[in-house]
Amino acid sequence: MRIALASDHAGYAEKERLKTLLADLGVEFDDLGPVSDASVDYPDVARKVAEQVADGRVEQGLLVCGSGTGMAITANKVHGVRAAVAWSEETARLAREHNDANVLAIGARTTPVDDIPKIVRAWFSTDFAGGRHAARVAKISEVERSY
């Protein structure tokens, strides 16, 4: 699996720490920045990741910012992206299993540092369940297409 990885300045240190975990999980990644903890605008970064997911250049995206919320909001503006903020292993699993989420957003300031690797592991070890959930995800796509 290949993903796009990015953060803003608040999530930079955590993004850098996650690279080792991703490699251990066999997840290849394109680091879309930033290259330091200097201030950047999270909508710019989230958009780059979301566009790569939507265009099929990568299978999924991983975003890290202060709360995860701003990145997820921005990513969800891109057609075909289903970004979810996960703050626990269960929310990560459910986002993948029930919602077929394709972008994970994590809050580096709001999530205990020891929980972040667990969340990432749960995300990448969970597949979309399909079944009854497929019809619901199709309804999400229908809403998206109507706008």
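User: Which helix holds A54?

Analyst: This is a predicted model: local features need pLDDT of at least 70, side-chain atom pairs count only at pLDDT 80 or more, and totals for chains, interfaces and linings use all residues. Residues are numbered from 1 along each chain as its sequence is written, and side-chain values use heavy atoms, without hydrogens and water. Helices (DSSP runs of H or I, at least four residues) and strands (runs of E, at least two) are numbered from the N terminus. A54 lies in helix 2.

User: What does A54 count as: buried, exposed or partly exposed?

Analyst: Buried means under 20% relative accessible area, exposed means over 50%, and partly exposed is in between (1.4 Å probe, protein chains only). The relative accessibility of A54 is 35%. Therefore A54 counts as partly exposed.

User: Which residues is A54 in contact with, leaving aside neighbours within four places in sequence?

Analyst: Contact means heavy atoms within 4.5 Å. With those neighbours set aside, A54 is in contact with V78, H79 and V81.

User: How do helix 1 and helix 5 lie: roughly parallel or oblique?

Analyst: Axes are lines fitted to C-alpha atoms, for helices over the stretch in contact, and angles run from 0 to 180 degrees between N-to-C directions. Helix 1 (residues 12-25) packs on helix 5 (residues 116-124) at about 40°, with the axes 11 Å apart. Under 35 degrees counts as roughly parallel, over 145 as roughly antiparallel, 65 to 115 as roughly perpendicular and the rest as oblique. So helix 1 and helix 5 are oblique.

User: How do the residues of the contact of helix 1 with helix 5 divide?

Analyst: E14, L18, L21, L22 and L25 in helix 1 meet I116, P117, V120, R121 and F124 in helix 5. Ala, Val, Leu, Ile, Met, Phe, Trp, Tyr, Cys and Pro count as nonpolar, Asp, Glu, Lys and Arg as charged, and the others, Gly among them, as polar. The residues of this contact divide into eight nonpolar, no polar and two charged.

User: How do helix 4 and helix 5 lie: roughly parallel or oblique?

Analyst: The axes of helix 4 and helix 5 come within 8 Å and cross at roughly 20°. That angle is why the two helices are roughly parallel.

User: Which elements do the buried residues of helix 5 pack against?

Analyst: In helix 5, I116, I119, V120, A122, W123 and F124 are buried. V120 touches L18, L21, L22, L25, L104 and I106, not counting residues up to four places away in sequence. The buried residues of helix 5 pack against strand 1, helix 1, strand 3, helix 4 and strand 5.

User: What is the phi of D100?

Analyst: Most residues other than glycine have a negative phi. D100 lies in the loop between helix 4 and strand 5. D100 is not a glycine, yet its phi is positive, at about 50°.

User: What is the peptide bond from G33 to P34, cis or trans?

Analyst: P34 sits in the loop between strand 2 (28-31) and helix 2 (42-54). Most peptide bonds are trans. With omega near -5°, the bond from G33 to P34 is cis.
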